[in-house]
Amino acid sequence: MAAKELKEFTLEEVAQHNKPGDLWVIIDGKVYDLTRFKDLHPGGISVLIDEEVAGKDATDTFYGLHRHEVLERPQYKRLQVGTIKGQNSVIFGRRIGELSQVPYAEPTWLSPGYHSPYYSDNHRQFQKAVRRFIDEVVYPDAQAREEDGKRPSQIVFDKMADLNLHAMRLGPGKHLKGRVLMGGIVKPEEFDYFHELIITQELVRCGARGYGDGMLGGQVIGLPPVLNFGSPELQARIVPDILAGKKFICLAISEAAAGSDVMGLQTTAVLSEDGKEWIINGTKKWITNGTFADYFTVGCRTNDGLTVILVERGPGVETRQIKTSYSTAAGTAYITFDNVRVPVGNTLGEVGGGIFVILSNFNHERWVMCCSSARAQRTLIEECLKWATQRQAFGKPLISQPVIRAKIAGMIERTESVQSWLENITYQMTHMTYKQQSQKLAGPIAFLKSYSTRCAQDTARDAVQVFGGRGITKTGMGKFVEHYYRTVTFDSLLGGAEDVLADLGVRQAIRAMPKNARL
């Protein structure tokens, strides 16, 4: 089908089309014929025939009420009949793969003219490739699935697997050996935690919290115990399909009666009479990806203490969807284990040594959540700066109000501090063994997660105040703010509640206190 030919008009020519039966408007140098659309306009016809809109340049009015993406929808794009002579469009929507030019919308290391000791040229090249992939492949699916509640599309998982993104999201390690990462941009032996940080933060830019967890968040926390504590035979059997995006795994620790209190788990595993199988009974709750998982990394109570066992979906395993504040795309599940028989070869680590398996996983899980939180807060800064500069209130831009500037200042201060602390800890991780991380970073990472999620909740609350009623409306100008405000508390709970983690950090510090320290 041939593209519609667009004509050039003068302002005077457009001004003649200012009646209900002949209605044109100008938006950013483009001329739109709204004659047939006016009766379909969701906001009613009176807005369109207003004397400041009909036949006039309605750019400011339009952007005070709508996001730019509205103009990019096919049903509205076709309303354009021409352009204004001598004028060029200057407003653009999302540009695939490009950096935002809005101040503080990008971390310092990606901002023109700034420098960082943490990121190499390879990190920068890697970031460009990841952003383009996320923008082209993941973002459209994220918006659709967050809305309809279905799990992320299989084609997205497949395309991620082609680039080995599933494997890279588990961090550096032997699981990357022999793989071609991001089309060969980074070698497996050179991949570090800053590369992983980049992947996590780019995914968060989709602004779809439920989808973000549905994007195999369960694998990020459920597969490491298999990689670190599973037998070679078990790993060879299940890991390839998981990293290929063909099978799915989740971490099943939390229960209705035991969240942060891991030692309070009530799910039991008892050896069969011949000692060849575990027989598991119990329930798990709030399990991310549980509804579509093929494998479950399960914390169980055994005669010798806590033991972690890999359970495969089969007889006796039942999963049910739990509806939470974010999209069901996350696959959050209530799981029932009813006399589930599992080979003892599926034991992860030592029998009775489950607490070590569980705790060894927490640092990375919490660090990933800090990466996500830091980037999500930055998205709100961009939204608020855009809105405050284009929104007119009391006859002038909203940003002219000191109280609005003060709120945005607080957002920027908090977000920059979280990112700086995050990068410092990430640098330590790149120079420590896994064991050293467990010894040295449990406290700092706990503090960072507690701090970052507290900051996030303050930022979410302030963003709603900046957007007003739009900040509590699921569609339109404030949709990303509303979404974040509704879902921000997930980060404050998952991986350990804020107060529990803050206390953990202090207890870790007390353990390191020198015996002879005195005032």
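Does R507 count as buried, exposed or partly exposed, and at what relative accessibility? Some notes on that and a few other residues follow.

1. First, the ground rules. This is a predicted model, in which local features need pLDDT of at least 70, side-chain atom pairs count only at pLDDT 80 or more, and totals for chains, interfaces and linings use all residues. Residues are numbered from 1 along each chain as its sequence is written, and side-chain values use heavy atoms, with hydrogens and water left out.

2. R507 counts as partly exposed, at 39% relative accessibility; buried means under 20% relative accessible area, exposed over 50%, and partly exposed in between (1.4 Å probe, protein chains only). Helix α18 (residues 498–511) is where R507 lies; helices are DSSP runs of H or I, at least four residues, numbered from the N terminus. From R507 to A463 there are 44 residues in sequence and 34 Å in space, C-alpha to C-alpha.

3. N363 sits in helix α12 (residues 354–390) and is buried, with a relative accessible area of 9%. Leaving aside residues up to four places away in sequence, N363 touches Q437, S438, L441, A442 and I445, where contact means heavy atoms within 4.5 Å.

4. On the cysteines: the structure holds 0 disulfides, a disulfide being a pair of cysteine sulfur atoms within 2.5 Å. C300 is in none, and the nearest cysteine sulfur, that of C250, is 12 Å away. C300 is also buried, at 0% relative accessible area.

5. C370 is buried, with a relative accessible area of 0%.

Notes:
Helix = DSSP H or I, 4+ residues; strand = E, 2+ residues; numbered from the N terminus.
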